[in-house]
Structure formats: structure tokens, C-alpha cells
Amino acid sequence: GHYGRGHQSHSLRKRVMASSSSSAPALKPGTVVYDRKPHAPVPAEGKEQYWCACGLSSTQPFCDGSHSTVTTASIQPVLVTEPDKYLCMCKQTKTPPYCDGSHNALAKDVLTTVEKQEIQRKAESRAQVVKYSLIGAGIAAVAILGAVAYRLWGRRSSSTEEQ
């Protein structure tokens, strides 16, 4: 229900604001944690597929060239040679491009791209609700003012007709 969604959002905000006091390993330099779970195997369909190693690609789990914006030269896409294996989405694997469970060792306060997108989507949704509520309130206010003006105008015109 509604409580579950709000509670999840609250726990994400708590993780953002929490200080990192865990003994989780440091993130690989130049990487962004895209997600906390691996990506299901993807059939190659006869073409070479390169796994995104930096976490910045908009075509996850595959590379779109976004690594060229990262200053760390060691971040390079990796050819997927075994399309039946799960692909790492936290970008911290020691067996690239395949998941080795490294996501389980991530600090709880590491905010992933997927979590940031969810927070952004919820914020935009709330902004739309507020926007349409304000528009509705504005329309109602105009209608009320119009009714008041009509009554006042109606009284004036009937009092001038009586003279």
C-alpha cells in the first residue's frame, strides 16, 4: 500500500544522509554503482556486446561510450563472451563483466543510479500533484471571485435600474 512506498523512500533518504561507518570496501575509482542486483543474461543475437564498466551508460548493462567522460583511463568496456551469465550492475566485480556478488559488500549508504532515478521520479510525481492542485485551486478561486463579482455587479445594475 501507500505506507510501503513512502517507507521505502524514507529508508533511501536515511541511507543518503547516513554517514559511512561500515567496513565495506571502497568503490573502484571512476565507477558509479548503477544497481545493487545483477542483470539477467542477455542473448548475444549474433553481435558483439560490450559491458559498461563505469556505470554511466544510458544503455545498461551495455556500453554507450560514456566512459570517455571518466578521467580514470583504466575504465574500459568489456566484451561479453558468455551471454548466459548474469552481468554485474554494481560495477565492482572482480570478474568483469560477470556478477561475483560484490554488490552484497556495498556500504548501505551508497546510493545507486537506480535509487537516484526512483527518488527523482517520485519527486517529479509529487511536483506534478502540487502543480495540478495549485492549478485546481486557482481555477476554484477565479470561479469564486467571478461569482462574487457577478452578485455585486448584479446588485449595482438592479439598483441603478430602480433610480
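**Surface patch and side-chain contacts**

1. A nonpolar surface patch is formed by Tyr132, Ile135 and Ile139, which together have about 330 Å² of accessible area. Patches are built from residues with over 30% relative accessible area and no salt bridge, with nonpolar side chains (Val, Leu, Ile, Met, Phe, Trp, Tyr) joined within 5 Å and like charges within 9 Å. Accessible areas come from the Shrake-Rupley method with a 1.4 Å probe, and for residues only the protein chains shown count as cover. Ile139 belongs to helix 2 (residues 113-162) and is exposed, at a relative accessible area of 56%.

2. The model is predicted: local features need pLDDT of at least 70 and side-chain atom pairs count only at pLDDT 80 or more, whereas totals for chains, interfaces and linings use all residues. Residues are numbered from 1 along each chain as its sequence is written, and side-chain values use heavy atoms, with hydrogens and water left out.

3. The protein chain contains 2 helices and 2 strands, arranged along the sequence as α-β-β-α. Helices (H or I, at least four residues) and strands (E, at least two) are DSSP runs, numbered from the N terminus. Of the 163 residues in the protein chain, 26% are buried. Buried denotes under 20% relative accessible area, exposed over 50%, and partly exposed the range in between (1.4 Å probe, protein chains only).

4. How many salt bridges does a search of the whole structure find? The search returns 5, a salt bridge being a side-chain nitrogen of Lys or Arg within 4 Å of a carboxyl oxygen of Asp or Glu. One of them joins the side chains of Arg36 and Glu115, at 3.3 Å from N to O. Because Arg36 lies in the loop between helix 1 (2-17) and strand 1 (50-51) and Glu115 in helix 2, this pair ties together parts that are 79 residues apart in sequence. Arg36 and Glu115 are both buried.

5. A salt bridge also links the side chains of Asp35 and Lys37, with an N to O distance of 3.5 Å. Asp35 is buried, at 13% relative accessible area.

6. Within helix 2, Glu118 and Arg121 are 3 residues apart, about one turn of the helix. Their side chains meet in a salt bridge of 2.8 Å, N to O. Glu118 is partly exposed at a relative accessible area of 24%, and Arg121 is partly exposed at 45%. Salt bridges with shared partners join Glu118, Arg121 and Lys122 into one network.

7. The disulfide count is 0, where a disulfide is a pair of cysteine sulfur atoms within 2.5 Å. Cys52 is in no disulfide, and its nearest cysteine sulfur, that of Cys54, is 3.8 Å away. Cys52 is buried at 2% relative accessible area, and Cys54 is buried at 1%.

8. The charged end of Lys85 sits over the ring of Tyr98, at 5.3 Å from the ring centre. The criterion requires NZ of Lys or CZ of Arg within 6 Å of the ring centre and within 35 degrees of the ring normal.
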